[in-house]
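Here is a friendly walk through the model shown below. Have your viewer ready and follow along section by section.

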There are 2 protein chains.
Amino acid sequence: MNLTKKELWQRFQKYYSEFPSLGLSIDLSRMNFPEDYFEMMEPRIQKAFAAMMDLERGVIANPDENRMVGHYWLRNPALAPSPEIRQEIQRTISNIKSFASEVHNGVVRGARGRFRHVLLIGIGGSALGPQFVSRALGHPKTDRMDVYFLDNTDPDGMDKALSQIDSEFGETLCLVISKSGGTKETRNGMLEAKAAYERAGLDFGKHAVAVTGADSELDRYARENGWQRRFPMWDWVGGRTSVMSAVGLLPAALQGVEIDLLLSGARTCDAITRENNVKTNPSVQLSLAWYYSGNGKGVKDMVILPYKDRLELFSRYLQQLIMESIGKELDLDGNVVHQGIAVYGNKGSTDQHAYIQQLRDGLNNFFVTFIEVLKDRDNQSLFVEPNVTSGDYLNGFRLGTRSALYEKHRESITITFEEVSAFSVGALIALYERAVGYYASMININAYHQPGVEAGKRTADDIIDLQLKVLKLLSDNTGQARTIAQIAQQLDGEYDMESMFKICEHLSANRSGSVIKMPGESPFRATYTKI
Amino acid sequence: MNLTKKELWQRFQKYYSEFPSLGLSIDLSRMNFPEDYFEMMEPRIQKAFAAMMDLERGVIANPDENRMVGHYWLRNPALAPSPEIRQEIQRTISNIKSFASEVHNGVVRGARGRFRHVLLIGIGGSALGPQFVSRALGHPKTDRMDVYFLDNTDPDGMDKALSQIDSEFGETLCLVISKSGGTKETRNGMLEAKAAYERAGLDFGKHAVAVTGADSELDRYARENGWQRRFPMWDWVGGRTSVMSAVGLLPAALQGVEIDLLLSGARTCDAITRENNVKTNPSVQLSLAWYYSGNGKGVKDMVILPYKDRLELFSRYLQQLIMESIGKELDLDGNVVHQGIAVYGNKGSTDQHAYIQQLRDGLNNFFVTFIEVLKDRDNQSLFVEPNVTSGDYLNGFRLGTRSALYEKHRESITITFEEVSAFSVGALIALYERAVGYYASMININAYHQPGVEAGKRTADDIIDLQLKVLKLLSDNTGQARTIAQIAQQLDGEYDMESMFKICEHLSANRSGSVIKMPGESPFRATYTKI
């Protein structure tokens, strides 16, 4: 049963917490957990705090991969478990700043002049953080450099992105970011970009910077080809928490973001969310709300609705941070648990016009996280009606939706920031990083590995191998038309005819001068010929 | 239990259908419905076909709003139920073409010369379709005009978007799109844009075009202020299916999309998906797969993964089309059903690096729709390895992921297009529009209304009213500091103190020269003063 407005005000005052040093408040009042919920959860909470303390001290918090988990050190190197790590963090930040300054001053420059653009090539953790920060903090009028992204291995997508740079490759600094240094999408993007630089008569290496693990494939390639600069990644930073390493700091600094403020926001948030006190710890509050909502099993989707265009990519950032961290088959004791929380959302009030219909009336299989930003804009607003601004409407739509959902027993969290700034974006990232860590402890899983990702990559390699075999067979018999069944028959082994079919369809669509398809009586009787 | 590769090939051949006239194929083989599933569903299928036939004939298919549902007529006016409607569709398409041509030729021009940019102001159905089409079919090198969007009432977001146009408002044609003509976000965006034109010394109306219902608030405003042109919207086209009306066709034509091909793709798809035959009807196949996956109750989320950057916004387009159509409290007989299907996704292989971990290992609460595009790019590809292209990898990652998911009993559909073109985008939209219609009939709901959307808007209006009351109270007593409790006490009625608190926080953050906050002992003891 819904509470009256008066009761809601009581509950709001109880579950609304302000954190003035972060410019942040959090409101759990519209999550309908019982009054004794926090007490009931105390054993799990204490387990989560203990695990987090160990992690920050440098214990092997990612046991499957035998790794420390050090993203909190990135913004507070004093916490790092060894002087070597501490110094390496500090040195890297300092190198990023001086490099960015050399680029801005034109000391480091492209073949056609001062670098004005950044082309960032990366995927997953090496793109989502930089994209989120770039969109949240950039502005066309004030950015030092504008940033383009290649975050896929789609040829047409790369053509389109590269054509935006057009004739200005000689003023474009290319960052190639891959923690492992062997990510195929990023390698492909790099080779396609390199070809574009070379078509423009430019030496790619003089315009290229690598961010990668020491002595990775990419690191060696960059060294051997005389790239402009190399920045390190470390095995104790996961891709999805790498935005405060060189992965995120380098593009941000080039764009003109004050990275010290980003780090300071995260560090300040860390200090608060480290505290063993539910009432004064917004990360633990978030994780408890998630646990309550999904019964510790993620049965409800997390809908992220920032009412601020700048934060539109936050839900994509969280898709990775949360789903890759929490979506696990086994718990830490090896039990099959199939954990996870599905995350989606774009921005309010825009999304109200897309799917608030379902949220209010349809399946109750979600909870919403509203993100409010108090400051509307830099300048004064015009009135769109007497005494009413566009921002008042944005506020009104958010409050109205929260209340319309509540009427229908749909739950929500509200996070409020005073403004979008480098400091608050740093705090927001840190807030969620730690909430994910706590939640993972509460449900007893390893938040820091991703064992399920490898399978898809391995299978993809198998497809590439199979394609090479098919191509070889056709090439060894040029001019001879073969059906899928005939190709399969001639290749030894227990072949996957379905994949062979899809491979031949793709080959014939793209190597029209080379692999020819002739339709058959059915789709599966078509023949393929190498000419 | 999983099938062997040989059994999979058998199943694939059974459930893979090609539609050569659409350049489309659809593969349901990795949805594990039993062999007799289509037969079992026959009564529901026949009901869906009958309802669709009625709808296309002009029966009141949206009973709650007493409206016909006519989006299929937009691409085949011969089907329209009256000569008046037929002529109005034809006349509008013809007017769009001639207007676009006048703009391109410079016959219609801005105060500073030929129109080179489009600024589209709209939200929901008046933005998602245009955004999807613009991204899917545009190219920086070949577009006739580039398109900017204002799709929210976020002041800072509008500042950022408008600052991209910078000093070129005199060459920017502004389209204001609102079916009802009263959408506040769009009205606010229009007023903010108007102010920007006026700051540049320009007459806004000479640069503005309205797309809206006859005699709506916007229509009257445009007429009274001498706007450049007005295009109609009709009550028999829903916002979420309006992309083939002036809403979508006008910006597409201005950008340089061949709208005849878009319409022709949709019309051709309509002809195929109208056929009362499951085996040869891809829309009914899709709707059956959805029904199977979610047990007719949407218990599984729909993850949309186009392996093509151009189609990245398709999941957002589908969020509206599907969730607003299907997410309903009541069925057509008035029973409470809380229907819906949650839709999310961005693009592959990028999203593999974000959340394939959860999809493969975690919660099995979803099914994936892979969208494959056979043609990689316009030009020849370079080899990133001997005989392997970037596009081969994209294909490999998709196939690898599909297979890695299948191993773990995660189901998927694959839709394949030969290429991304105006024709295929038209077909894709039509494919899903009709699938949604069939699915809605199968679960006995009205897909064409949105009763839950109004509640949030009404509540938002209440918030604006409350804000005006609070402001009046403070203005009538300038210089006097009041707590929320005191403000509530002085305003008559059963007030919502929580909203009052949020309103005062927002006011004091944005009218710093006017409403002053003084902190108190607790967040709720702060005072607010009008000066």
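## Two copies and their axis

Please keep in mind that this is a predicted model. Chain B is superposed on chain A by a rotation of 180° with 0.0 Å of shift along the axis, at an RMSD of 0.0 Å. That is the relation of a two-fold axis.

How do the copies meet? Of the interface residues of chain B, 99% are interface residues in chain A as well, so the two copies meet through the same surface.

## The sheet in chain B

Chain B holds an open sheet of five strands, ordered S6-S5-S7-S8-S9 and paired in parallel. At its edges lie S6 (146–150) and S9 (229–233), each of which pairs on one side only. On average, and with direction ignored, neighbouring strands are turned by 20° against each other.

For a detailed view, look at S5 (residues 117–121) of chain B, which runs parallel to S6(B) and is joined to it by five bridges. Here B:Val118 stands opposite B:Val147 in S6(B). Helix H9 (residues 246–255) of chain B packs on the sheet, where it touches S5, S6, S7 (172–178), S8 (208–213) and S9 of chain B. The direction of H9(B) makes about 165° with that of S7(B).

## H5 and H9 in chain B

H9(B) also has a helix partner: H5 (residues 128–137) of chain B packs with H9(B) at an angle of about 30°, the axes being 9 Å apart. The two helices are therefore roughly parallel to each other, and their crossing is right-handed.

Which residues make this contact? B:Pro130, B:Val133 and B:Ser134 in H5(B) meet B:Val247, B:Gly248, B:Pro251, B:Ala252 and B:Gln255 in H9(B). By class, five of the contact residues are nonpolar, three are polar and none is charged.

## H3 and H15 in chain A

Over in chain A, the axes of H3 (residues 42–57) and H15 (residues 422–442) come within 8 Å and cross at roughly 120°. H3(A) and H15(A) are therefore oblique to each other, with a right-handed crossing.

From H3(A), the residues in contact are A:Arg44, A:Ile45, A:Lys47, A:Ala48, A:Phe49, A:Ala51, A:Met52 and A:Glu56. They meet A:Arg434, A:Gly437, A:Tyr438, A:Ser441 and A:Met442 in H15(A). This contact divides into seven nonpolar, two polar and four charged residues.

Technical notes:
Residues numbered from 1 in each chain as written. Chains lettered and ligands numbered in written order. Predicted model: local features only at pLDDT ≥ 70, side-chain atom pairs only at ≥ 80, totals over all residues. Heavy atoms only, no water. Least-squares fit on C-alpha atoms with pLDDT ≥ 70 in both. Contact = heavy atoms within 4.5 Å. Axes fitted to C-alpha atoms, helices over the stretch in contact; angles between N-to-C directions. Helix = DSSP H or I, 4+ residues; strand = E, 2+ residues; numbered from the N terminus. Parallel < 35°, antiparallel > 145°, perpendicular 65-115°, else oblique. Left-handed = near helix turned anticlockwise from the far one by under 90°. Nonpolar A, V, L, I, M, F, W, Y, C, P; charged D, E, K, R; others polar. Pairing = 2+ DSSP bridges.
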